[in-house]
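This report walks through one structure, chain by chain and then in detail. Please look at the sequence and the model before reading on.

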Amino acid sequence: MSELIQVKNLSKSYWRDSFEIPVLSNINLAVNEGDFLALMGPSGSGKTTLLNLIAGIDKPTQGDVIVNGTDISKLGESSLAKWRSSNVGFVFQFYNLIKVLTAYENVELPLLLTKLNKDERKKHVETALSIVGLADRMHHYPKQLSGGQEQRVAIARAIVTDPLILVADEPTGDLDRHSAEEILTLMERLNTEFKKTIIMVTHDPHAADRAKTKHHLDKGELILEQV
Amino acid sequence: MKILKLVFKNAFRHKLRTFLTIFGIAIAVIAFGLLRTVVTAWYVGVEGSQADRLVTRHAVSFIFPLPYSYLDKINNVEGVKEVTFLNWFGGIYIDKNNFFARFAADAETILEVYPEWSLTEKEKEDFKKERNACIVGIEIAKTYGFKIGDVITLEGDIYPGRWDFVVRGIYEPKYETTDATAMVFHWDFINERMKEESPERANDIGWFAIRIDNPDDAAKVSSQVDALFENSTAETKTETERAFQQGFIAASSAIIEGMNAISFIIVGIIMLVLGNTMIMAARERTREYAVFKTLGFSGSHLVGLIMGESLVISALGGGLGLALTYPIVAFFESVIPKGWFPIFQIEPITLILAISAIIIIGLASSIFPIQRALSTKIVDGFRFVG
């Protein structure tokens, strides 16, 4: 399989007042197309930062992130926003659905940036909601859904534009065991059945076991790779 | 689902806060509209001034009378088309609260100099030929139910005694700014009685109103008139009607200017109220804005969302305020004595100022939240705990 994502000599530091806080140092990583990668590590190890850099929502201090041939670390803000909208689907720990919008409207949000007309958008949204098993709850607001259902709506929103990669930051972190299992099964299905490349940050070994590849981060460095 | 729908949904996310803000804006707009209406009503006399009309009064103050004998001399000044004269009569109609302007004037010339008082030819003739005839403005005719042929009895104060006048004409204003709340009767009628009862006050008039051929000659004609009476016992001051009216209200100008300033301070207060609401809303939605950016929404989308929400709240509050201003101004007009403000209505300029203020407030209140939303990095937005 070809390498979809290449991370080269990646470093990231944050500044707090006049203090530089290194978060990632000299990371090199390759993710194959169709992979399901779990990034593990303790709190503060830099796994979410690495995920953000790969997804193009943060900029590296040094190094490159090349996704499907595009060096996203060189893109400007507006180009990066456009790139994200068509290449990356996001799943967050706390779902981050818009409270005033229904499940249908939340899933439709990324499609508003496309040229699809209303009927085409409807078709895409219904398909995405069917994949996550929530076609019957499309007119419910987030507060009318359980945590697991909210996360499934978030996954539907992430896949509705048929992105190249899915990034998930602790997608089961706020869920009970049963709901977490459902979400992990759904992600596995997206990877195997729909051939989505998934990068998932988790500190839960049980969740990481569902991935094809596991990487460990500690103090900003990749220390171990498990297959 | 459209962005506009999201703007409306966001605007009413905190219903109580939004409704309180809308009511706050509405009340402020009502206060603005009412104050501006009072200010414009105060200046309506100035606005109604004619460019081709001069006023000649006593040089010291218009409360001092001028001799009737000046009339012929003024008439002979080059550029003068027509001259009339008026006296403030005062008096009480039934109750002292029934206030409206009452003038004793030269019946032969008054309607030539004040053509904006529209009467039929018959009314004009009837007014001129009957010594105790009077004409009244349509507004006070409506208020007190005056009809042609009615007798209006005034209790004199400046001119003591009981005075009966017969209504021979009800004039309609030719222009929007024309005062339709005045009562005018024959100076001769008053003067004859003065000759008998107070001879020392006979042949006194209050001021001359002069119609000139060319408004551009106003300064020249004024100085020529005043030159006629230099070093006399009653020197004159001639000025344009506008200047005369402005001088008349100058005594109250500090209050009016104060009201004017307050009306604009209110606009500033509305801006702070809405600005505060928008800042709170933007702060609460820091994570959401990060989500929007993550999904690929651009800065201009966020600007549209925030500015749209601010404009929606501002427009709803402003619209409600304007809608309520009309009945409230009408209510005030009904309770204030007729004649205090000859014209008390919301002027187009007030409407334009209010609508402009509503739009500016909507835009200005969104500046800080927009700046905050745009400058917050996505990762910082997700870390934000509101």
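Is Asp162(A) buried or exposed? Asp162(A) counts as exposed because it has 12 C-beta neighbours inside 10 Å. The cut-offs are these: a residue is buried with 20 or more other C-beta atoms within 10 Å of its own, exposed with 12 or fewer, and partly exposed in between, with C-beta atoms placed from the backbone.

## Ground rules

This is a predicted model, in which local features need pLDDT of at least 70, side-chain atom pairs count only at pLDDT 80 or more, and totals for chains, interfaces and linings use all residues. Residues are numbered from 1 along each chain as its sequence is written, while chains are lettered from A and ligands numbered from 1 in the order in which they are written.

## Chain A

Chain A has seven helices and 10 strands. Both are DSSP runs, numbered from the N terminus: helices are H or I with at least four residues, strands are E with at least two. The C-alpha trace spans about 50 × 40 × 40 Å along its principal axes. The radius of gyration of chain A is 17 Å, which agrees with a compact globule, because a globule of 227 residues would have a value near 17 Å. That radius is taken over C-alpha atoms, and the globule rule is 2.2 Å times the number of residues to the power 0.38.

Of the 227 residues in chain A, 48% are buried. Two residues are in contact if their C-beta atoms, placed from the backbone, lie within 7 Å. Take the contacts in chain A with a separation of 6 or more: 70% of them join residues 24 or more positions apart.

## Chain B

Chain B holds 16 helices and 12 strands. Its radius of gyration is 29 Å, well over the 21 Å that the globule rule gives for 386 residues, so chain B is more spread out than a compact globule. The C-alpha atoms of chain B fill a box of roughly 95 × 45 × 35 Å along the principal axes.

Buried residues make up 39% of the 386 residues in chain B. Among its contacts between residues at least 6 apart in sequence, 81% join residues at least 24 apart.

## Nonpolar cores

A nonpolar core is a set of buried Ala, Val, Leu, Ile, Met, Phe, Trp, Tyr and Cys residues joined through C-beta atoms within 7 Å. The largest has 109 residues. Those that touch the most other members are Leu39(A), Ile54(A), Ala156(A), Val167(A), Ile199(A) and Met200(A). Yet helix α2 (residues 15-42) of chain B gives the most to this core, with 10 residues. A second, separate core has 49 residues, including Ile74(B), Leu111(B), Cys134(B) and Val221(B).

What does Ile54(A) touch? Leaving out residues up to four places away in sequence, Ile54(A) touches Ile5(A), Val7(A), Val65(A), Val167(A) and Ile199(A).

## Where the chains meet

Here 17 residues of chain B are in contact with 19 residues of chain A. On the chain B side, α1 (3-11), α12 (286-295) and α16 (378-383) each supply at least two residues. The largest share, six residues, comes from α12(B). By class, this side has eight nonpolar, four polar and five charged residues. Ala, Val, Leu, Ile, Met, Phe, Trp, Tyr, Cys and Pro count as nonpolar, Asp, Glu, Lys and Arg as charged, and the others, Gly among them, as polar.

## A helix pair in chain B

Helix α11 (residues 253-284) and helix α14 (residues 348-364) of chain B have axes that come within 9 Å and cross at roughly 35 degrees. Axes are lines fitted to C-alpha atoms, for helices over the stretch in contact, and angles run from 0 to 180 degrees between N-to-C directions.

In this contact, Val267(B), Ile270(B), Met271(B) and Leu274(B) of α11(B) meet Ala357(B), Ile361(B) and Ala364(B) of α14(B). By class, the contact has seven nonpolar, no polar and no charged residues.

## Single residues

Asp162(A) lies in the loop between α5 (147-159) and β7 (165-169) of chain A. Its phi is near 55 degrees, a positive value in a residue other than glycine. Ile94(B) also has a positive phi, about 60 degrees, although it is not a glycine. Ile94(B) sits in the loop between β3 (80-88) and β4 (101-105) of chain B. Ile94(B) is exposed, because 11 other C-beta atoms lie within 10 Å.

Arg383(B) is in helix α16 of chain B. Arg383(B) counts as partly exposed, with 13 C-beta neighbours inside 10 Å. Arg383(B) and Thr286(B) are 97 residues apart in sequence and 9.4 Å apart in space, C-alpha to C-alpha.
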